[in-house]
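Here's a quick briefing on the model shown below.

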Amino acid sequence: MGPLSGWLKIAHRTAANTSMSVAPVPANATSGDWELASFAPLSSRRLLVLGGIGLILVGMIFGDIFAVFILHQNASRVGTSLAAAAHAALAGNSPAVLVYFQNVGGFLENRGTKVDTHVHMIGFGYLALMLAVLQPWVAFSQVAKKAVAWVFLVGAGVLPIGVFLIHYVGLAYSPLKTIGWASIFADFGGLLVLLSTGVFLVGLCRHRQASRTVVSDTLLADRSAAGRMLLAGGLALVLLGFLHGAYYAAVNLYEHEAQDYSLLSQMSSGAAAADLASVDRALAGYGQLQGEKAVNIAAHAHSIEFGLLAMLLGFFQPYVSLNGTWKRSWAAMLLLGSVLLPVFVLLELQYGLLAGGVADLGGLLVIIALLAMWIGVLRYTGSLDAPRTGIEHRGVAR
Amino acid sequence: MSEARRLLVLGGIALALWGMSYGLWYAVFAEHQALNNIGGSLAAGFSAAAQRDSGAASAALSQYHEAKYIYDRQVDVHGHWIGLAMLLIILGIGFDRVAFSKRSQFLLALGLFLGAVIFPLGVLLQTVSHGPGPRAVAIAGSAMIIASLAGSVWGFARSGTSA
């Protein structure tokens with residue numbers, strides 16, 4: 001708890017120095033001054049916006065590479081090893097069974113850590129964007145907020161990298177029996193994120209308790225077409241994802257869990273009874289079942305995550321320095337990709353690789369649109385940072 | 001900041017912290033043991049089948065079934081608490097656009113917050129009891145979220161048409 005208490009002390013001291021003023025901008029400041037104050041070079045908000053979108057982009061590209069080059073091959077290896085284990089049991093070869101299951105464990109760990117890397121990187125990116133929106137209400141000085149934002153981003157980078165390395169580092173040189181160095185670093189990254197988010201929460205509470213200052217923030221005042229499109233589309237995606245998840249939980253979840261157990265039992269009892277046909281039937285059913293579970297969970301998760309992303313990006317449209325037509329186009333592309341991916345993931349069971357290809361294309365559309373918006377934000381930072389000449393040089397953002 | 005927005009933003013961040021703390025605790029103290037239990041019991045089941053010991057195979061697979069049931073829910077709880085927390089924060093940021101009275105906004109926010117807490121809690125309670133109680137809690141929580149979310153969508157839509 002040493003670092004946390006240190007941050008809290010800094011935050012307390014600096015907040016006291018600024019008399020809890022939320023944004024130290026003169027009363028006669030122009031809207032440009034407000035924007036510069038809230039999005040100054042290496043300010044906490046700018047760090048969190050650029051870092052957050054960067055994390056989401058890297059996480060999505062990693063996910064796409066994983067889906068195309070690793071996921072299906074890995075699933076195939078898991079299926080092959082499971083079949084080999086069942087056939088080894090059928091042949092009465094107990095040592096071979098254990099070897100094949102060790103292989104299954106290794107493949108599942110490989111898959112699990114890749115999925116966790118993808119999910120945590122994107123999740124932390126979302127959290128960074130949310131915290132960026134809330135920065136004007138965090139009652140600490142800019143120096144303290146910037147330091148906490150750095151801690152957050154370092155933790156958000158360390159956790160997924162650590163998780164990714166778990167499969168490769170294993171327990172080498174580890175002081176613990178079950179947890180390796182990569183896991184320890186991943187957990188440390190998680191702790192940094194946890195502490196920095198907690199400090200931001202303290203800042204929000206302090207603002208509420210100590211100040212009734214009305215915060216003016218251009219981000220929340222925006223009602224542009226692209227922003228409204230992303231907010232409405234995002235909310236619709238979240239609602240659809242929830243409805244799909246509720247339907248899956250009510251209709252399929254318990255049935256799938258029961259099938260999982262009964263098929264494995266059928267494999268095992270078939271092997272004990274030396275019934276090859278029964279084992280092979282159970283293996284085929286088990287593969288089909290895993291596919292059904294995977295596509296339903298992926299469609300549910302991606303629909304909600306893309307919905308959240310669209311809503312978040314809707315708030316940041318004032319920072320996307322592109323003209324209105326381009327902003328609407330990128331918003332439309334992001335929403336199109338966000339619909340295509342979950343819908344065609346669901347159709348993969350009926351239409352196989354064709355649907356899988358369209359789903360991957362959907363993911364690519366989201367990545368391209370997100371990259372375009374990220375570049376738009378970079379352009380905006382450039383226009384803010386350029387020497388102020390008295391000419392309204394931020395017109396490009398309007 | 002209105003009461004509804006405050007509840008969603010502060011409640012959302014608190015819930016995210018809770019979900020992360022739960023995930024950190026789970027990763028450090030429980031996950032590796034759970035995975036070892038799942039893998040070990042599955043391998044033991046097939047190994048017993050290879051030795052033509054149906055009873056031991058069945059017992060090991062039952063152990064696998066129970067361990068997998070608990071593991072799936074514990075991971076789901078972590079993901080859903082944090083995911084719902086993020087939804088609360090995002091909705092909180094833009095909740096003034098929901099074109100209802102302050103009281104209706106607060107009731108919607110309360111429904112979202114309580115649902116976000118209760119739904120994963122019901123899922124977690126299923127690891128303790130397989131009875132209908134925890135399922136009912138989870139269903140009630142998810143129904144609160146869906147109903148409040150649908151109300152929020154309606155409010156956003158009203159805001160769009162009245163703008």
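In chain B of this predicted model, 76% of the contacts between residues at least 6 apart in sequence join residues at least 24 apart. For chain A, residues 24 or more positions apart account for 80% of the contacts with a separation of 6 or more. Helices are what you'll be looking at: 11 of them and 0 strands in chain A, and 5 helices with 0 strands in chain B.

**Chain B on its own**

- Going along the sequence, chain B reads α-α-α-α-α. With a radius of gyration of 21 Å, well over the 15 Å that the globule rule gives for 163 residues, chain B is more spread out than a compact globule.
- Along the principal axes, the C-alpha atoms of chain B fill a box of roughly 75 × 30 × 25 Å.
- Of the 163 residues in chain B, 47% are buried.
- B:Arg52 is one to click on: this residue isn't a glycine, yet it has a positive phi of about 60°. You'll find B:Arg52 in the loop between H2 and H3 of chain B.
- Is B:Arg52 buried or partly exposed? B:Arg52 counts as partly exposed, because it has 14 other C-beta atoms within 10 Å and burial takes 20 or more.

**Chain A and its two domains**

- From the N terminus on, chain A runs α-α-α-α-α-α-α-α-α-α-α, and buried residues make up 43% of its 398 residues.
- Chain A splits into domain 1 (1–18 + 40–212) and domain 2 (220–386 + 394–398). The C-alpha centres of these two domains of chain A lie 20 Å apart.
- Where they meet, 23 residues of domain 1 of chain A are in contact with 25 residues of domain 2 of chain A. On the domain 1 side, the elements giving two or more residues are helix H3 (44–90) and helix H4 (94–134) of chain A.
- H3(A) supplies the largest share of that domain 1 side, with 17 residues. By class, the domain 1 side has 20 nonpolar, 1 polar and 2 charged residues.
- A:Ala274 has a positive phi of about 55°, though it's not a glycine. A:Ala274 sits in the loop between helix H8 (225–272) and helix H9 (276–315) of chain A.
- With 14 other C-beta atoms within 10 Å, A:Ala274 is partly exposed.

**Where the chains meet**

- The contact between the chains takes 47 residues from chain B and 55 residues from chain A.
- On chain B's side, the elements that give two or more residues are helix H1 (3–29), helix H2 (31–50), helix H3 (54–93) and helix H5 (132–162) of chain B.
- That side of chain B divides into 31 nonpolar, 14 polar and 2 charged residues.

- In soluble globular proteins, nonpolar side chains tend to be buried together.
- The largest nonpolar core here has 123 residues, and those with the most contacts inside it are A:Ala128, A:Met130, A:Leu312, B:Leu8, B:Met86 and B:Leu88. This core draws at least three residues from each of domain 1 and domain 2 of chain A.
- What does A:Ala128 touch, leaving aside its neighbours within four places in sequence? Its contacts are A:Leu48, A:Gly51, A:Gly52, A:Leu55, A:Phe152, A:Leu153 and A:Ala156.
- Another core lies apart from the largest one and has 34 residues, among them A:Ala85, A:Leu263, A:Leu283 and B:Ala44.

Notes:
Residues numbered from 1 in each chain as written. Chains lettered and ligands numbered in written order. Predicted model: local features only at pLDDT ≥ 70, side-chain atom pairs only at ≥ 80, totals over all residues. Contact = placed C-beta atoms within 7 Å. Helix = DSSP H or I, 4+ residues; strand = E, 2+ residues; numbered from the N terminus. Nonpolar A, V, L, I, M, F, W, Y, C, P; charged D, E, K, R; others polar. Core = buried A, V, L, I, M, F, W, Y, C linked by C-beta atoms within 7 Å. Buried ≥ 20, exposed ≤ 12 C-beta atoms within 10 Å, placed from the backbone. Domains from an automatic or database assignment. Rg over C-alpha atoms; globule rule 2.2 N^0.38 Å.
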